[in-house]
Amino acid sequence: MIGRRGPQNGKRALEFPDVGESDEPLLVVENLHTSFRTGRGTVHAVDGVSLTVAAGTTLGIVGESGSGKTVLARSIMGLLPVRDVIKSGTVHFAGHDLTAMEPDQLREIWGAELSMIFQDPMTALNPVKRIGIQITESLRLHLDMDRKEADATAVELLRSVGIPSPEQRVRWYPFQLSGGMRQRVMIAIALACAPRLIMADEPTTGLDVTVQAQILDLLGKLQRERHMAVILVTHDLGVVADRADEIVVMYAGRVVERAPTRTLFAETHMPYTRALMESIPRLADPSGTRLQAIPGRPPDLIHPPKGCRFAPRCAFAQDKCRESDPPLRTAGSPDHLFACWFPLVHGTSTAPSASASASAAGDTTIDPGPVVQSP
Amino acid sequence: MSTVSAATAGGPPSASEDTVLSVDHLVVEFKSGRQRVHAVSDVSFQVRKGETLGLVGESGCGKSTTGRALVQVQPPTSGSVNYLGQDLSALSNRQLRKVRTKIQMIFQDPISSLNPRRRVKDIVAEPLVIWKRGTKDEKADKVRSMLEAVGIDPDTAGDRRPQEFSGGQCQRISIARALMAGPDLLICDEPVSALDVSVQAQILNLLADLKARFSLTMVFIAHDLAVVKNVSDRVAVMYLGKLVELAGSDDLYRSAAHPYTEALMASIPEPDPEQKSAHKALSGELPSPLNPPSGCRFRTRCPYAAPLCAEQEPLLREVAPGHQVACHFPLVGGKADTSAAPNPAD
C-alpha cells in the first residue's frame, strides 16, 4: 500500500489539488532572497532567485561550494533557522505560499507533499533508532496508519529502493548499513508518503561512482513510476547531464544561466557554465590531458565584487563586466536565460577582444533579448 | 636471468632498474572478532621512477589499505614492500622514520589532516623542525617558497589556521607539508574526492605541475576512474582486496579486459546529455570481505559469469604487453566469450 495520499480522518487543514487539475507549475519560486547576519557582516547567500518546476520533471541546480545552492534548497523547503536570517520573496508550492506558512502548517507538508534527501545520510538518520521506525514515523503521522500497516509499508518501501532482505533490515540501525544503503533508506523515508516534490541536496556526493549511478538510476525510476518532481542539487554537471529536464546554474547566490538540459550543453552562453563543464575530467581524453580549471574561488558574499560576480575569474572579462551587473535575459529561445554581457555563441566569446578573429568567421553576434530580471 | 621465463609465462614483470617501489604478494589482514578480514590479499605491482600509478576501486576494495601499507602506517601481514631495494617491513622504527621523509602521503580529508590549532606556516615547517634542517631563516624561506609553489599566498595565509581555509586550500597546504622533506614518492589517498569538480581540476593540475617540478613518483588512489586516468600513466584496478587488472591508462580505456573495469567506466557520469543511458549501473554491493565469494570474487556481480568462475580463482596474467588481467573470460572488444576454453595458464 504505497502511494496512497490524502487525509485519513480529515485532520489535514490544507487542500492539495491533484496535479492534473491545474496547468500551474508545481513549484514557483519568485525573487527569493536569503541573507545571514554574521559577525563580519551580512552574507547574501541567495540573491534574487526565481525558478519553476513542473510536476513530474527534474530540475538540476548546479554550482560550486559557496554558490548558495544549498541555502536555496533549504530556503525553498523553509528549513532555515529564524534567528539572524533575513528572507524575502515567495515560494508557491501547489498553490500555497510556503513562505507565509506557520511552522505547524509546514510540518503538514514536509514529508507528505515535499520531502528532502540530505547529502550525508549518516548525520541525517537517527543513529539510535532502527531504520524501520524512522520510515514509519511519517507514515503514521501523515497517513494515520496503524503500526502493523506502517511496518508492512516500510518493508515494501525498503524493497522498492533495492535493499535486499528488507524484512530483516527494517530492524537494523543506520551504522549497520553501508553509505549507499543508508542513502537508499533516506530515499525510502523521503518517498514514504508519496510526495510530489523531492529536494535532493547532493544525494550522491561522498559515494562511490558505482553507487552514485545506482542511486541516481533508482531515483529516476521511482520518479517516473510515481510522477514526482525532483530538484537535484549538485556541484557536478555530469551528474545532471542525462537526468535533469532543466538546469539552473548558480554563481555567488544568483542564477547565471538557466535552460533545458540539451540547450544548456549545446548552446552554453555563460562562460562560467562552460568552465564548469570543462573542469570535469573525461574518460575519453588521453591520460595527462590538462584540465581547464577555473582559477580562484567564488567571491565573498559579504562584499561581492562590483559588476558581474564571475568577472574576476572569467577568461573573457571586459571593463563593462567589472563595472555593471549583467541582467538575466533571454536570446533566441525564450526558455534559455543567462546573465552575461558577452555571452558565448557557438563556443566563442562575443567579447570585443576575444571575437576579433571569430567575427571574421561569421555570425557570432547575439541579439540581446528582453531583460527577465534586473540585478 | 631466471625471471625471463616467468615474464614470458605471464607472471608479474620482474623488477627492473628504474623500479622505485616494488610490492610483492602484499597481504593485509584485520582481526574482526574471531575472524580475519583480508583487506588486501596477495597484491603485487611495481612503480617505476617518474611514473604515476593509479589505484582504483570501490570503497572497501582495499585500495586505501594498500596505500597505507606502502608507507607501513598499516604494517602488512605478509608480503613485502621494497623501496629502492630496501624491504620496508624489515626496517626498525628509527630507520623507517628516515625512509618516510622520502615517501610522503596526502590524505582524503584535507581539513582533518591538518592540526586545527596550529598556524599554517608552522604546519608546513614541521617536517624541517623534526629533522632539524636549516636555520630559522632558512626554514622560513623554504616554507614561503613551498606555499607559493602550491598556490597559497604566504604573506596572508602563513599566520592563519586551517579552519579559515576552504577544502581545496587545505589540500594545497597538506601537499606543501608533504613536499617539505623532499620526498621522491608521493602517495595520494583520494586527494580530490572531497572537493568540488572545479577545485578538483585545480588540485589535479597542481599535482601534475609539482610532479614535474620536483621529479616525483606518485601512487594515486581514487574511486573515480576518469580522475585516475587523467593523472596516471598506468592504472591498477582493485576489487575486494585483489588486483583484477593492470594496464597503461589509455590502453585500459581502449580495451578494458575485466568486466569490473568496464562497469567502473560505465558508471562515470559524462557531462553530455546526448550520451544518454549507454551505461548500465553495476548492480549490488561489494560482498563482505569476511566471506568472499569462491573462485572469482567479482562473479556475484559479473554479467558474464560462467560456472567456471565459481570454481576456480582466475590468476593475473598478461593479455597484451604490459596489460594484465585476472579473468577467465577477458573481454575482447567489449565482449566476453564464455564458450571458449579458458586460458590453459589458469
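How many bridges join β11(B) to strand β12 of chain B? Three bridges join β11(B) to β12 (residues 323–325), and the two strands run antiparallel. The model is predicted; local features need pLDDT of at least 70, side-chain atom pairs count only at pLDDT 80 or more, and totals for chains, interfaces and linings use all residues. Residues are numbered from 1 along each chain as its sequence is written, chains are lettered from A and ligands numbered from 1 in the order in which they are written, and side-chain values use heavy atoms, with hydrogens and water left out.

**Sheet of chain B**

- Eight strands of chain B form an open sheet with mixed pairing, in the order β6-β7-β8-β3-β9-β10-β12-β11; strands (E, at least two residues) and helices (H or I, at least four) are DSSP runs numbered from the N terminus, and two strands pair if DSSP finds at least two bridges between them.
- β6 (103–106) and β11 (317–320) of chain B are the edge strands, each pairing on one side only.
- Neighbouring strands of this sheet are turned by 20 degrees against each other on average, direction ignored; axes are lines fitted to C-alpha atoms, for helices over the stretch in contact, and angles run from 0 to 180 degrees between N-to-C directions.
- Helix α8 (residues 197–213) of chain B packs on the sheet and touches β3 (52–56), β6, β7 (185–189) and β8 (217–222) of chain B, contact meaning heavy atoms within 4.5 Å.
- The direction of α8(B) makes about 160 degrees with that of β8(B).
- B:A320 has B:H323 in β12(B) as its bridge partner.

**Interface of chains B and A**

- The contact takes 44 residues from chain B and 43 residues from chain A.
- The two chains bury about 3,800 Å² between them, 52% of it on carbon and sulfur atoms; buried area is the accessible area (1.4 Å probe) that two parts lose on being put together, summed over both.
- In chain B, B:V197, B:P271 and B:P273 lose the most area to chain A, together 17% of what that side buries.
- The count between the chains is one salt bridge, defined as a side-chain nitrogen of Lys or Arg within 4 Å of a carboxyl oxygen of Asp or Glu.
- B:D209 forms a salt bridge with A:R290, with the closest N and O atoms 3.0 Å apart.

**Sheet of chain A**

- Four strands of chain A form an open sheet in the order β2-β1-β4-β5, with antiparallel pairing.
- β2 (41–53) and β5 (96–97) of chain A stand at the edges with a single partner strand each, so one side of each is left without a neighbour in the sheet.
- β1 (residues 27–38) and β4 (residues 85–93) of chain A pair over eight bridges, and A:T34 has A:K87 in β4(A) as its bridge partner.
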